[in-house]
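Trainee: Could you walk me through this model? I would like to learn what lies behind each label.

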Amino acid sequence: MKKIANVLKFLNLQFALKTYHKLKLILTNNSIRKEVNQYVSSLNGTIHDRNKIISIHIPDSQNTNTPSVFFLRKFSSDLPVFKQLIIQGEYSKIINILNKSNIEALTIIDAGANIGIATQQFKKAFPNAKVICIEPDDDNVSMIQKTIEGNNFSDVFIEKAGLLDSNTFLKISNNYRDNAKWSLQVDPTDAVSDLYAITIPSIIKKYSLGTIDLLKIDIEGAEAQIFRNTEHIKEFLSYVKVLCLEVHEEYITVSEVHDILRKHNFHCVRNKDLTIGINPALVSEPTIVGEKPL
């Protein structure tokens with residue numbers, strides 16, 4: 001009976017934590033919605049609120065006939081993602097580095113693509129790029145598809161999978177951080193499932209990639225398993241021109257990642273929450289724009 005009581009106590013705690021995170025997200029979204037409205041209005045854009053989906057249309061600075069279209073779920077982490085990536089410009093620095101280094105990005109891997117906002121930024125900046133999105137969550141994948149169709153993108157491919165260092169079956173866990181859609185994790189499982197792991201070497205082979213101009217990784221801690229597998233990273237780092245990684249220090253430290261990249265002769269810098277690595281063997285004029293090397 002004591003064991004049952006402990007289990008019930010644990011389940012009640014989990015329920016309470018999830019309820020707390022949901023309420024916190026609702027309050028956060030209400031605040032962020034005001035920022036989003038002001039930002040979109042300042043760019044002469046429009047917001048359309050339909051049921052559970054918000055669509056945002058922002059005119060392109062070069063051609064107002066081809067606006068950027070964003071699709072966000074109201075009751076999720078999509079609004080915070082939009083704020084982080086679009087309003088705060090989390091990936092604008094990496095785009096700047098690619099341009100300043102004279103890299104015509106033709107091959108991009110977006111691992112941990114979430115709803116496709118980073119992919120959208122990369123595709124707008126480099127319209128000729130082939131972009132491969134890796135995302136394990138069904139709902140997020142549906143949002144990526146809406147983004148592709150809403151912006152008339154070509155050469156954007158979706159791999160419904162989790163990125164790891166080996167091919168295996170996976171299960172999704174939503175117990176990390178705030179339990180929201182941007183914090184989903186994948187765990188290997190012995191049970192047969194409809195979700196599998198994919199590796200960078202297998203992506204290189206499947207899409208016949210000679211190089212990877214930009215490898216963006218934001219996979220909620222799974223990067224630790226990839227980067228600590230010495231033989232595995234040897235298989236793909238030599239293909240990568242520029243790496244952009246969000247390190248989750250509950251699993252691996254920033255300094256450890258930098259040490260690993262330096263062993264493979266990458267130049268490393270830190271920009272806010274991102275670790276950026278440039279491979280001088282593939283980039284003739286590597287440029288670090290306004291960054292402080294570590």
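Trainee: Which residue of E3 stands opposite serine 55?

Mentor: Serine 55 has phenylalanine 71 in E3 opposite it. Keep in mind that this is a predicted model, in which local features need pLDDT of at least 70, side-chain atom pairs count only at pLDDT 80 or more, and totals for chains, interfaces and linings use all residues. Residues are numbered from 1 along each chain as its sequence is written, and side-chain values use heavy atoms, with hydrogens and water left out.

Trainee: How do you know that E2 and E3 pair, and in which sense?

Mentor: Two strands pair if DSSP finds at least two bridges between them. Strand E2 (residues 53–58) and strand E3 (residues 68–73) have six bridges, in the antiparallel sense, so they meet that requirement. The names themselves come from DSSP runs, numbered from the N terminus: helices are H or I with at least four residues, strands are E with at least two.

Trainee: What does E2 do with E1?

Mentor: E1 and E2 pair over five bridges, again in the antiparallel sense. Histidine 48 stands opposite serine 55 in E2. The hairpin of E1 and E2 has two residues between the strands, and asparagine 51 there takes a positive phi near 50°.

Trainee: Which strands are the edge strands of the sheet?

Mentor: The open sheet has three strands in the order E1-E2-E3, with antiparallel pairing. E1 and E3 are its edge strands, since each pairs on one side only. On average, neighbouring strands here are turned by 15° against each other, direction ignored. Helix H2 packs on this sheet and touches E2 and E3, its direction making about 145° with that of E3.

Trainee: Why is H2 called roughly parallel to H4?

Mentor: Helices H2 (residues 78–87) and H4 (residues 117–125) pack at an angle of about 25°, and their axes are 10 Å apart. Axes are lines fitted to C-alpha atoms, for helices over the stretch in contact, and angles run from 0 to 180 degrees between N-to-C directions. Angles under 35 degrees count as roughly parallel, over 145 as roughly antiparallel, 65 to 115 as roughly perpendicular and the rest as oblique. The angle therefore makes H2 roughly parallel to H4.

Trainee: Which residues make the contact of H2 and H4?

Mentor: Val81, Phe82, Leu85 and Ile86 of H2 meet Ile117, Ala118 and Gln121 of H4 (contact means heavy atoms within 4.5 Å).

Trainee: How do you know that H4 is mostly covered?

Mentor: Seven of the nine residues of H4 are buried, where buried means under 20% relative accessible area, exposed over 50% and partly exposed in between, with a 1.4 Å probe and protein chains only. Among the buried residues of H4 are Ile117, Ala118 and Gln121.

Trainee: Why is E12 called largely enclosed by the rest of the structure?

Mentor: In strand E12 (residues 240–246), seven of the seven residues are buried, so the strand is largely enclosed. E12 pairs with E11 in the parallel sense over five bridges, and leucine 243 in E12 is the bridge partner of leucine 215. Five bridges also join E12 to strand E14 (residues 274–278), and these two run antiparallel. Valine 242 stands opposite isoleucine 278 in E14.

Trainee: Is threonine 199 buried or exposed?

Mentor: Its relative accessibility is 6%, so threonine 199 counts as buried. Threonine 199 sits in the loop between strand E10 (197–198) and H6. Apart from neighbours within four places in sequence, its contacts include Leu163, Asp165 and His232.

Trainee: Why does asparagine 44 count as exposed?

Mentor: Asparagine 44 has 66% relative accessibility, and therefore counts as exposed. Asparagine 44 lies in the loop between helix H1 (2–42) and strand E1 (46–50), with a positive phi near 60°. Most residues other than glycine have a negative phi.

Trainee: What makes serine 208 exposed?

Mentor: Serine 208 has a relative accessible area of 64%, which makes it exposed. Its place is the loop between helix H6 (200–206) and strand E11 (212–217), and its phi is positive too, near 50°.
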